[in-house]
Each structure stands twice: as C-alpha cells, then as structure tokens.
Amino acid sequence: MLKTAKGTWLTEWNPEDPTRWDSRLAWRTLWITTFNLTLAFITWFVVSALVVRLPKVGFELSTTQLFWLTAMPGLAGGTLRIVWTFLPPILGTRHLVTFSTLLLLIPLLGWSVAVQNTGTPYWVLLLLAFLAGIGGGNFSGFMPSTSYFFPRRLQGTALALQAGIGNFGVSVVQFVTPWIIGFALFGSLLGGPQTFTPKPGVSQPIWLQNATFIWVPFVLLGALLAWIYLRSVPIRANFREQFDIFRDKHTWVMTSLYIMTFGSFSGFSAIFPLLIREVYGKFDGAPDPLRYAFLGPLVGSLSRILAGPLTDRFGGAIVTQVSALGIFLSALLVTLYTRPTSLEQFPMFVGAMLAVFFFAGVGNASTFKQMPMIFPPRQAGGVIGWTAAIGAYGPFIFSTLAAYTQKATGGFTAFFYGLMVFYALNLFLNWYYYARKGAEKPC
C-alpha cells in the first residue's frame, strides 16, 4: 500500500508503472466516488421528476414556467462544473468528493419544505432548481479525479463505469419518485400530504417531500465513506496553470462532441417527461409521463457502460462516429411522431427517443476515451472537466429551446431539425480530426 502524507495526499503515484500503481486503491476510489456521483445526478434531476406533479397539487404554473424549472438545474450544473473543473488538482479527491457531496443537502432539504406549500413563490422554486445544479457540478470534479487513478489502457472502462452508473441517478430518481411520494414515508415527521388531482373529480393524498428527503441519509453515508477511504493523487496545479487547455483547438472540438453526446443525454433527460406531457397529453387516456421518462436515462446509462470496454478495444474515435450517425438518424425518426394524430403513435415516439438516448450514451463513453488519448494526464483531467461543464448546459439549452420552439411553432419538430444540423456538424468534425485515415489525432 502506498504511503500517504497527512492522511490525504499520496506521496507518489504513477498508474502507467505497475510497480507504483495500487489497483485496490484505484478501484476503491472508483466505486466510492461513483456512489456519490449517482447521488449527485439524483439531486440534479429530481426537479424534472417533480415539475410534472406540481400543477396537479395546486401550484399555478404555466408550461413555460415548468420548462424554466427544468432548465435551471442545467444552467447551474454547467456553470458550477466550470468551477469544479479546476478543483481536483487544488483540493484533491478526498476533500472534493466529501464536501461536494455534503452540499447536496441544501437543495434536497430545501425542496422537501417548498413543495408542501402551494404558496411558495416562483422565484424560490427557481432558486431551489438552480441549487439542484450542485449535483451537476460535482461531475466535473469527480471524473477528472478518477482519471488520475487509472492507466490509459483502463480509462475507457473506468470512466464509462463511473459516468454510466452515475447517470443511472437520473433514471433512479424518475423511477422512484412516483412510488415514494405515494405514502407517508416518515409519518408526520416531514409534514402532511398534499392533495393530488390527476383529473377533475378525482383526488388522492401525495407526499412530494419524500422525493428529496429520501436521499438525505444516503448523502450523509456517501460523504462519510469518502472522508474515511479516499486519498488524493499528487497532481497539483493552480488556476492559472490549468488555463493552458484553452489554447489547444482539440479542447474546443471535444467540447462540441461532448455537447452532442452528453448534452443530448442530459437535455432530453430533463425534458422527456414534459415532451410526453405536451405532445401526447391531449389524448384521452394520455400516458403518465413518469411511467416512461425514466427509460431514456436508463437506456443511455446502460449503453455508456457497455460502450466503455468497446472503446478500449476499438478506439474512441470510431465509436464516436457510430454514435454521431446514430443520434442524427434517431432524431430524424423522432420527428415523424412529434405531431401525432392518435395515441397509437406514442410507442413509436418513445422507441425513437430511446434510440437517441442509446446512441448518446455510447458517445458519452467514447468521447471520454478520446480525451485521455489526445491530452497528457493533467490536461486530460482539465479537458474532461471542461467538456463535462459545457455538456451539462444540456438541460438549460434543451428546455429553453424546446419552450421557445413550442411557443413559436406550436410543436417541437423544428427543435429536432435544429439539433440534426448540429449533429451533422459533429459527425464531420470527429471524422476529420480523429476517425479518418491520416487524421491529425487518431484515437
């Protein structure tokens, strides 16, 4: 076992040298950080699971206001990720993971109080939605930290496992929320129920506060595990030194590719429930959005995990090329079902959306394989954090554009056409710089 200094910093670390790499410490770091990352994603996307219920318990909110509530965690997540990008070489893995996880308590406890009072001002809901973005910010600190611990030959698998399992937090919160709000979890300790009216003349008790409070004990456990078992790799740099990544054009190319992949995953994860509600909610017997919304993040998370080993074997660039083509064609397929004439088209709409999630998940894994191959370790960590930060604006960008498109055109077809133009651009960028024969940075 490697010796540590002051209980936190390792005295030496070189994962490329088998004699100086502690695989047990590396994998322990991966699993503990992944547990905390999953909680971060749960916190980040809990608002997307709550907003579809708020109007039915008495909150007077317009469709545009609902989209803005799903947008705010994305705005915060992207912005905070920019800050978190520079923290791993400054704070180290142990302190960063521990204290970032504890910060999740702020939005979780705040939402558990706010949803119990339909008179809660809209600006308070917006602020709490913004604070949920702390969970999104954590990603850009946790992922670079983990990348330091593994040799290049394993980074595709390790980062795909961490990000893929962490992404499950989106699916978990959207799956668990409809169930957990259906009963008094802690009796009267958290307050009484709200009255849920799914349709005129029908009402039932509901406990929306459970949706966030249930995760508080897990957050406390995750922070404790991080403090006890994690250590920090001696890769140190101040803020100024880390800005060298912005002078490399490949930082910007990879940023665009990650917006295509993770931006699509996070953006569609945030708005999928509202898309279902707005596109198919007009029909008799309309589907409950939360019964289907969790499937998208679930598929995207699974494909990210499964694609990790493939990128280690075949290289990230070729897998990203497949991902980009798949996202483009899947988005085109979605447009066939965004102006439905009957509820019979709903399964095809869901299937096409799941295809988008699948290929986005594949690209999430492959782009994270490409970055450690293009850049040296410290810069790779910074680029991973930076691209993750910009990709995290997905919920904000997708929510605001979807709301604007619906208001301007009465639907979402133009929204998907615009995305397809962006996907086509990235298909070319990846081919030109990384995937073609004789590419500048084959990876």
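L298 lies in helix α14, and in this predicted model the residue has a relative accessibility of 26%, so that L298 counts as partly exposed, a class that falls between the limits of 20% and 50%. Once neighbours within four places in sequence are set aside, the contacts of L298 are with F168 and S171. A further pairing across the sequence is given by N167, which is 131 residues away from L298 along the chain, while the two C-alpha atoms lie 7.9 Å apart in space.

The helix that carries L298 also takes part in a helix pair, in which the axes of α8 (residues 152–180) and α14 (residues 295–314) approach to within 7 Å and cross at roughly 175°. Because angles over 145 degrees are counted as roughly antiparallel, α8 is described as roughly antiparallel to α14. Sorted by class, the residues of the contact between α8 and α14 comprise twelve nonpolar, ten polar and four charged.

On the side of α18 the contact involves F398, L401, A402 and T405, which meet A414, F415, L419 and Y423 of α19. The residues of this contact divide into seven nonpolar and one polar, with no charged residue.

G222 is located in helix α10, which spans residues 216–229, and its relative accessibility of 0% is under the 20% limit, so G222 counts as buried. With residues up to four places away in sequence left out, G222 touches F35, N36 and T101. Of these contacts, N36 is 186 residues from G222 along the chain, and the C-alpha atoms of the two residues are separated by 5.6 Å.

L54, by contrast with a helical position, is placed in the loop between α1 (23–50) and α2 (63–85). The relative accessible area of L54 is 0%, and the residue is therefore buried. Its contacts, again without residues up to four places away in sequence, are F59, L61, L69, V115 and L208. The C-alpha atom of L54 is separated by 10 Å from that of Q194, a residue 140 positions away along the chain.

At the level of the whole protein, the secondary structure amounts to 19 helices and four strands. Taken along the principal axes, the C-alpha atoms fill a box of roughly 70 × 50 × 35 Å. The radius of gyration is 21 Å, which agrees with the value near 22 Å that a compact globule of 443 residues would have. Buried residues account for 60% of the 443 residues, and the protein exposes about 16,900 Å², of which 66% is supplied by carbon and sulfur atoms. Among the contacts between residues at least 6 apart in sequence, 83% join residues that are at least 24 apart.

Conventions: Residues numbered from 1 in each chain as written. Predicted model: local features only at pLDDT ≥ 70, side-chain atom pairs only at ≥ 80, totals over all residues. Heavy atoms only, no water. Axes fitted to C-alpha atoms, helices over the stretch in contact; angles between N-to-C directions. Helix = DSSP H or I, 4+ residues; strand = E, 2+ residues; numbered from the N terminus. Parallel < 35°, antiparallel > 145°, perpendicular 65-115°, else oblique. Nonpolar A, V, L, I, M, F, W, Y, C, P; charged D, E, K, R; others polar. Rg over C-alpha atoms; globule rule 2.2 N^0.38 Å. Buried < 20%, exposed > 50% of the residue type's maximum accessible area, 1.4 Å probe, protein only. Contact = heavy atoms within 4.5 Å. Areas by Shrake-Rupley, 256 points an atom, 1.4 Å probe, with all protein chains shown as cover.
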